[in-house]
Amino acid sequence: MAAEFDFNLIRTFVLLYEMRSVTAAADALGVSQPTVSYGLGKLRKRLGDELFVRGPGGLVPSSEAERLYPPLRTAIDQMDVTIGAATEFDPSGPVSFSIGLSDLGEVNSLPLVLAELSARAPAATLQVHAFDIETAPDELTRGKVDAIVTGPVLDSVRLSRIPLFTEGYVGMVAADHPRLRHDNPTAAELRAERQVVVDGTSGHAAAWQALRTYGVEPDIAVRVTRFATLPYVVQDSEFMAIVPERVARTVVRSHPVRIFALAWPIQPVEVTAYTRRTPGRSAAQTWFLDVIRTALQEPA
């Protein structure tokens, strides 16, 4: 009985460290806030350390908590595998999920996820949240969103990371562009064109950073804030854009634009699904993660 109690305290500690909130940890554990606070008090007394103090953004771990977290996180993972912590989830009834996506992800990934979700759980509903790289880890660990699909790396020990697919890049211009009319324009031809770029996390800035290694500095004519604007600007102008290939092939079907190979090799970006780690991830969230993986992951 004592061992079981200690294991529950370890779960409490790990969730407090990852969620930085007594309220969120209590919700994840399915207990009351006073129960979590009582457990934290026992941990503090047993370990002789404050472990967490209140800060502007929630609980702030002490240096001792930072030291304890990695081995205790590993112990929880091993125990969950051993006892099969995830329970069965029944998708036949009404259920709601939430996913964080950039507007680029809404164009490219959302239709595929919706198709897979509808096939498995016809009564399910899905809420899409705008992706924000600054708040994404907290939104996941506090349970505000079930999963996030993105290219930018979310470097947090509180999250599980599942690679889905790699995304290369192509050029995109209006279908009737007066100069770029073939599939393999030269570097000199591309350098002469003015560009439309997307600022922010959805703009795949890594593509331009890669081009700078080849001495390419874009002649930027227009900066837009959302990817959804991009094809409308390109189709009615002589400007060029560099676009993730999967999304470009989707856009070509609905806009008078054409795509072509770039003269410079650009390292593809890895698109990844992020969720909060167990403990804390529910059986429903684990099920939803499998929906995302099936819908988007490239075949092995």
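Where pLDDT is low, the predicted coordinates should not be read in detail. The model is a predicted one, in which local features need pLDDT of at least 70, side-chain atom pairs count only at pLDDT 80 or more, and totals for chains, interfaces and linings use all residues. Residues are numbered from 1 along each chain as its sequence is written, and side-chain values use heavy atoms, with hydrogens and water left out.

The protein chain averages a pLDDT of 85, and 91% of its residues score at least 70. Among its elements (DSSP runs numbered from the N terminus: helices, H or I, of at least four residues, and strands, E, of at least two), helix H9 (residues 205-212) has the lowest mean pLDDT, 71, while strand S11 (residues 257-260) has the highest, 96.

Strand S11 belongs to an open sheet of three strands, ordered S10-S7-S11 with antiparallel pairing; strands pair if DSSP finds at least two bridges between them. S10 and S11 are the edge strands, each pairing on one side only. Four bridges join S7 to S11, and Ala174 has Val257 in S11 as its bridge partner. Helix H11 packs on this sheet, touching S7, S10 and S11.

In H11 (residues 245-252), Val247, Ala248 and Val251 are buried, that is, under 20% relative accessible area with a 1.4 Å probe, protein chains only. Their cover includes helix H5 (103-108) and helix H10 (230-235).

How values were computed. pLDDT is the predictor's confidence in each residue, from 0 to 100. Buried means under 20% relative accessible area, exposed over 50%, partly exposed in between (1.4 Å probe, protein chains only). Contact means heavy atoms within 4.5 Å. Axes are lines fitted to C-alpha atoms, for helices over the stretch in contact, and angles run from 0 to 180 degrees between N-to-C directions.
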